[in-house]
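Student: I have a model open on my screen. Could you show me how to read a few of its features?

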Amino acid sequence: MLGKVVTLDDGAEIPVMGANIWWEGTSIGTTSGKDGGFAIPIPSDTGILNVALVGYQGVHQPIQGRTKKIPAIVLQEGDMLQEIVLRDPIKSTELSKRSVSLSYTINQGELRKAACCNVAESFETNAAVDVSFSDAITGAKRIEMMGLSGVYAPAQTENIPFARATSSLSGMSLIPGPWAQSIHVSKGVGSVVNGFESISGLLDIELKSPMNDSGFAVNAFLNSGGRNELNLSHVVRLNPVISGANLIHASSNPVRWNVNGNGFLDMPLGHQLNAMSRWRLETYSWRAQLALHALRDQRNAGEVAYDFKAPFEEASATRWGMEHANERLSGFGKVAYLFDGVRERSLGLILQAVAHQQGGYYGLRTLDVMQRSSHANLIYQDGNSLTDTWILKAGGSWYADSISSQLTQWTDTIKVSRNERIAGAFLEYTWKPIDRINLIFGGRADYSTLFGWFTTPRVHFRWALTDETILRAHVGSGQRTPNPLIENYSGLASSRTFLWEGLLQRERAWNAGLSLQQDFRLNYHPGSFVFDAFYTWFQQQLVVDVDHVDAYSLYFTSGGYARGLMAQVDYEIRKRWSVRGAYKYLDAKSVYASSGLRTNPMIPTHRGFLNMNYSTKNEWDFDATWNLFGQKRLPDSQENPTAYQWEERSPSFSMVHAQIRKSLPSGASIALGVENALSVRQDNPIIDAANPSSEYFDATVVWGPIFGRMAYLRFDYVF
Amino acid sequence: MRILLLVPFLLLTKWGLAQNKVEHTFWVDGICGMCEERIESAIDVSGVVYSDWDRETKKLFVVYKPAKIEESELHRLINAVGHDTEASKASEEAYSKVHSCCKYREDDTH
């Protein structure tokens, strides 16, 4: 949307440069240029445009959704105090009403509720995405969304793929939580503009960026386990057109804990150094961004008595230890040209290059991974937003992946490597045949040097029966090339032999969903209800078979599926007091070599969630979440002697988190919280922990929390 | 199906009204988002169930229990933070404290 900021002098318009312009209640903003002109994203809904500049009265102008251009905004002189913008009480997780696909935005409010620390841990107060430990030693996380692993819902940072290959599973742990402004969770196959890999969803992380003048922000975290984190961000506005942000993160986990007394460290020791520098350019017709990101992360785990300083052969001869290190360097650039200065027609190019090295030893086995990837995406966008009947997006993309992974086991070596280039073109047509109905037809045709041609068609449908009732449906397909060893390294925390089928194939699936979103009012206060059902069916899937106790088998089959439904209610009981409840039913099955179609292990059939939040008028905030996890099928253990067998199904259990936060007038906030308040723990997460060199040693049968109650302190300050 | 869901909601609302809740709308002067926050917070007290100030129409919709709080008290609370209402005006002292963006009296033509 275009506009101009001016003052009047005897009726003549004098342009005002450097006025801050933003949409109320969001972080979407810009500043006026030399000619007073500015361009700001068009809101989907009616919004309030704020304009502020020291020395002038603030302007708050309601603007209708999808307005392309507004008349000049005239500033009146005021006193020297700059307006302090009060945050609107935005719900921390917004379920989008305008979006054609079912998507949630996790805002600052919810990100701050999370105890810790990186984006993967920001989902503790959210029911759609579940994050848990995949084993009891390495700290690797298992992400579940719609009954499927997180690898099927790729993570991006501002539409640039972030988690591919080496970081497909650990990707979100490599972005510190305080760097995120918001996280956009889309359920179901995503837009074809973002690629072909999305099957169950898409996670888009919007990073913090400068809105006003330069400033510093500090965030510090400490928990009762000794885990500490420090984040520093420095935001710079060089001139009305160029701004930048430098983000630094340092964290460590230095204390050796063994609370459950099994001889193994309860959580890995480690440290991480993570830095990013991003720069933006915004003029009337041009938008550009350039960013550089580097990180080094090292984790050590295993037996408490393991000597990490001794040479590997010496230390591992008698004890079981693990080291997992990541080194990553990536850069991306985005440049877009807006035709005629009008937002609706634009041509953009995204470029990205990644070099990632991952290495580690796990007991006596080693896994070394090297990834070099590059990506380009050219997008042309056109749309008739005045009458709003259609929007067209077309373009082409390029992926080049050079990935090698080598696992050295006791008696053999498994190598899975690929050099894959994928070039493709896409077309997405958004159509509004009549008022209240939106349809998106998307399709891609890509050519892979490994797998040949493939297409991924997708259709999204949205029908707003009333302003309060929205019906959505979608169907589409997605495809990805899996990374068998990288995505499953957590299985190395055991004596299971990795068995790999040998031939790398692609994973391909169809996904469909149906949902109903309904706003209501009860006792004058607003609430919303959403119900969604989904079904994913695999034409080809990489199956992880752990039902034979001595093996961790990886092979491809067809016919697996995941289906389920989720119902969620949000309600504002009273001003500053809100509640959210959700229930999720999951049924995920895969086709296994020996047993055929069978329920997947480690997925709870029933999942319940309840969150309550209360804030006082003087800036105290109380938050409590109760998570209920139903029973999960556990891998078969009959092949083991009775002493080393475990239950067929895990018990159901609850996880309760709570936090008290106080916002201080200077812009700082302090939070004191507890994770797993009921101190629920899985008693024996490691089978035969006393003899890690035995054939029965297995730390991968983890169905519940590993450590008990954890208290923490969190501090945020914005200068 | 949705209609069936609405029935208990409607019943609850009717029950609510029967419990001595009164709905009232009156004019409150103000300009911006900060004003809305200030006005609604001012009457966020025991006895007030819900309030919503509309920036464009300058109308404040409030639901309260007359047994717990009187309407004149609502006007007084709003005046105390510096906003004029159709019933009474804020004192000069209170008005001077509102933020510069909210100096609504300068805008007024009446």
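Tutor: Let's go through a helix and then a sheet. First, this is a predicted model, where local features need pLDDT of at least 70 and side-chain atom pairs count only at pLDDT 80 or more, while totals for chains, interfaces and linings use all residues. Residues are numbered from 1 along each chain as its sequence is written, and chains are lettered from A and ligands numbered from 1 in the order in which they are written.

Student: Which residues of helix α3 of chain B are buried?

Tutor: An α-helix has 3.6 residues a turn, so residues three or four places apart point the same way. In α3(B), residues 71-80, the buried ones are B:Leu74, B:His75, B:Ile78 and B:Asn79 (buried means 20 or more other C-beta atoms within 10 Å of a residue's own, with C-beta atoms placed from the backbone). They cover an arc of only 135° around the axis, which puts them on the same side of α3(B); the arc is that of the directions from the helix axis to the C-beta atoms. Helices here are DSSP runs (H or I) of at least four residues, and strands are E runs of at least two, numbered from the N terminus.

Student: What do those buried residues pack against?

Tutor: They pack against α2 (33-42), β3 (59-64) and α4 (92-96) of chain B. After α3(B) comes B:Gly82, with a positive phi near 105°.

Student: In what order do the strands of the open sheet in chain A run?

Tutor: Strands pair if DSSP finds at least two bridges between them. The order is β11-β12-β13, paired antiparallel. β11 (129-133) and β13 (148-149) of chain A each have a single partner strand, so one side of each is left without a neighbour in the sheet. A:Glu144 has A:Ser149 in β13(A) as its bridge partner.

How values were computed: A residue is buried if 20 or more other C-beta atoms lie within 10 Å of its own, exposed if 12 or fewer, and partly exposed in between; C-beta atoms are placed from the backbone. Two residues are in contact if their C-beta atoms, placed from the backbone, lie within 7 Å.
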